[in-house]
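Morning, everyone. Let me put the model up, and then I'll walk through it.

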Amino acid sequence: MAYTPEENGKQNQYTKQRIRQQITSLKKRLPAEEWKERSARIKERLCGLSVWQKSRHVALYHSVNQEVNTVPLIEEGWRQGKTIYLPKCNPQTRQLTFYKVDTFDDLEAVYFGIPEPVPERCTPMDVDRLQCLIVPGVAFDREGYRIGYGAGYYDRYLATLSPAVAKVSLAFQFQVLNHPFPREPFDQPVDVIITEGELIDCQGGAYHVP
Ligand SMILES: Nc1ncnc2c1ncn2[C@@H]1O[C@H](COP(=O)(O)OP(=O)(O)OP(=O)(O)O)[C@@H](O)[C@H]1O
Ligand SMILES: [Mg+2]
């Protein structure tokens, strides 16, 4: 008996939710020293890539909990004279707005303890200038498909983004799954995934380690 699209959708969401829980519990078991050390290796790998070196305008997110630590990357971007943007969530519309951020003092924690730009103190991003977007995620497959936190913020945002903008994800190796997980019509893949162990080029040859 065939499932209706609605039943399929429910099944997909259930499977994604189980994967979120599994990977989140693995992340929680990562000792603080390991988290720091593996995050530093991921940062070095990204900074060695031409996509980072050539991008003057980079949008990131502020990591929380056991996500790959993006704080040193934000600082490195500032040190290198890049323009750095961070997102603010709108929970009503589930849309992201990026703002130029020059210091951590421009941030405040509003939702789920995630430091976000204070709109009154920051300038909104002109998306035409954006060259590289660092995309968060809980789990990934090797073709760049991702499972986020389940609200569709990044799926919505990526759907509007020019393909000329490089979409890069940072993940610990255990966040990259070798078995398939549901892909829904609205899911948007990234171009490349960087882990502490490897660079996964989801676009077939566009990215390489120099
Ligand atoms: N472009 C879109 N327009 C409208 N709704 C969307 C769009 N993309 C995704 N959604 C909705 O977002 C919801 C969550 O999607 P999904 O479970 O794939 O989240 P996710 O990928 O984990 O989240 P995120 O993108 O925030 O990391 C779904 O109910 C989906 O219908
Ligand atoms: Mg999705």
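I'll take the strands and then the ligand.

This is a predicted model: local features need pLDDT of at least 70, side-chain atom pairs count only at pLDDT 80 or more, and totals for chains, interfaces and linings use all residues. Residues are numbered from 1 along each chain as its sequence is written, while chains are lettered from A and ligands numbered from 1 in the order in which they are written.

Start with strand β2, residues 83-90. Helices (H or I, at least four residues) and strands (E, at least two) are DSSP runs, numbered from the N terminus. Six of the eight residues in β2 are buried, meaning that 20 or more other C-beta atoms, placed from the backbone, lie within 10 Å of the residue's own.

What joins β1 to β2? Three bridges, and the two strands run parallel. Pairing here takes at least two DSSP bridges. β1 covers residues 57-59, and His57 faces Thr83 in β2. Between β1 and β2 the chain passes through helix α4, residues 71-79, in a right-handed β-α-β crossover. Right-handed means clockwise from the first strand over the helix to the second, with the strands pointing away from the viewer.

On to β3, residues 95-100. β2 and β3 run antiparallel, joined by six bridges. Tyr85 has Lys100 as its bridge partner. Four residues separate the strands of this hairpin, and Arg94 has a positive phi near 55°.

Now ligand 1. It has 15 residues around it, with Gly148, Gly152, Tyr154, Asp155 and Phe186 the closest. A residue counts as near if its C-beta atom, placed from the backbone, lies within 6 Å. Helix α5, residues 153-159, gives the largest share of the shell, five residues.

Technical notes:
Buried ≥ 20, exposed ≤ 12 C-beta atoms within 10 Å, placed from the backbone.
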